[in-house]
Amino acid sequence: MNLFAELLVSAKPQAGPRIRQNRRGVELKSAREITIMRQASRIVATVLKEIMGMVKPGMTTADLDAYAEQRIRAMDAVPSFKGYHGFSGSICASINNEVVHGIPSAKRVIRDGDLLKVDTGACFEGYHGDSCVTICVGDAPEEAVKLARVAQESLMKGLSRIKAGNTLLDIAGAVQDHVEANGYAVVEDYTGHGVGRNLHEEPSVFNFRTKDLPNVTLRSGMTLAVEPILNGGSKACRTLKDRWTVVTEDGSLSAQWEHTILVTDDGCEILTDRDAV
């Protein structure tokens with residue numbers, strides 16, 4: 001999740017707000033901090049894995065939100081999103097042409113064939129984990145299945161370029177090339193971000209080649225949330241009147257996957273790996 005009121009009028013892509021307003025720069029985490037972040041991220045991975053297994057037509061996004069909050073708190077953590085700059089949910093639930101930041105609602109019924117994005121975070125002992133999945137609900141159309149698959153592949157392509165000494169442009173290039181080779185568009189208005197004591201930290205982890213954002217060299221001990229967002233049509237987006245929900249300008253489908261990772265000397269550790277829980 002990386003949008004707040006100031007971004008609605010911003011001309012450049014940015015990561016989201018920090019819980020504290022001071023700018024600390026890119027942080028390297030200590031062994032103690034990494035241990036805590038592993039647990040925070042494991043909580044997120046557990047909740048998302050459970051939600052992926054329980055989603056079915058007829059449920060509402062409020063049902064998923066209530067479940068996520070209960071499970072996060074049961075594991076001695078706090079939902080990172082709830083109350084964050086006024087956001088009302090513990091998850092973002094975005095359906096079909098909704099790109100990011102869909103507000104959970106008892107009126108929003110999940111239907112067979114929907115393309116559902118569920119993004120959530122957990123704060124454990126003062127440190128955050130953050131992850132997003134895309135779920136093809138029931139008998140989803142082939143275009144939705146393919147978009148979700150390519151989005152997940154693009155995330156893994158980006159992660160494959162992470163190691164100390166590489167740069168953010170290495171990640172972005174791998175993501176963009178895979179997305180565009182499949183005929184889709186990378187959303188440029190929203191980026192990944194550093195994560196740790198704050199839900200959003202430096203740097204902005206962009207998913208497209210750009211000279212407008214710092215091309216940071218990766219160092220062992222960085223913790224990043226990498227989150228490619230793909231549209232089936234144009235990359236253009238707009239924000240609804242609720243000032244949170246972002247939709248595709250042309251009504252096309254959108255998909256997103258996100259992991260919190262730790263940069264290592266020879267690669268990365270996926271802290272929100274659902275296969276590990």
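Predicted model: local features only at pLDDT ≥ 70, side-chain atom pairs only at ≥ 80, totals over all residues.
Residues are numbered from 1 along each chain as its sequence is written, and side-chain values use heavy atoms, with hydrogens and water left out. Local features need pLDDT of at least 70 and side-chain atom pairs count only at pLDDT 80 or more, whereas totals for chains, interfaces and linings use all residues.

Helices (H or I, at least four residues) and strands (E, at least two) are DSSP runs, numbered from the N terminus. The axes of helix α3 (residues 142-159) and helix α4 (residues 168-181) come within 8 Å and cross at roughly 150 degrees; axes are lines fitted to C-alpha atoms, for helices over the stretch in contact, and angles run from 0 to 180 degrees between N-to-C directions. The crossing angle makes α3 roughly antiparallel to α4, a term used for angles over 145 degrees. On the α3 side, V150, E153, S154, K157 and G158 make the contact (heavy atoms within 4.5 Å). Their counterparts in α4 are I171, A174, V175, H178 and V179.

An open sheet is formed by five strands in the order β8-β7-β9-β14-β15, with antiparallel pairing; two strands pair if DSSP finds at least two bridges between them. At the edges stand β8 (201-205) and β15 (267-270), each with a single partner strand, so one side of each has no neighbour in the sheet. Neighbouring strands of this sheet are turned by 30 degrees against each other on average, direction ignored. Strand β14 (residues 259-264) pairs with β15 in the antiparallel sense over four bridges. V263 stands opposite C268 in β15.

Note on methods: Parallel < 35°, antiparallel > 145°, perpendicular 65-115°, else oblique.
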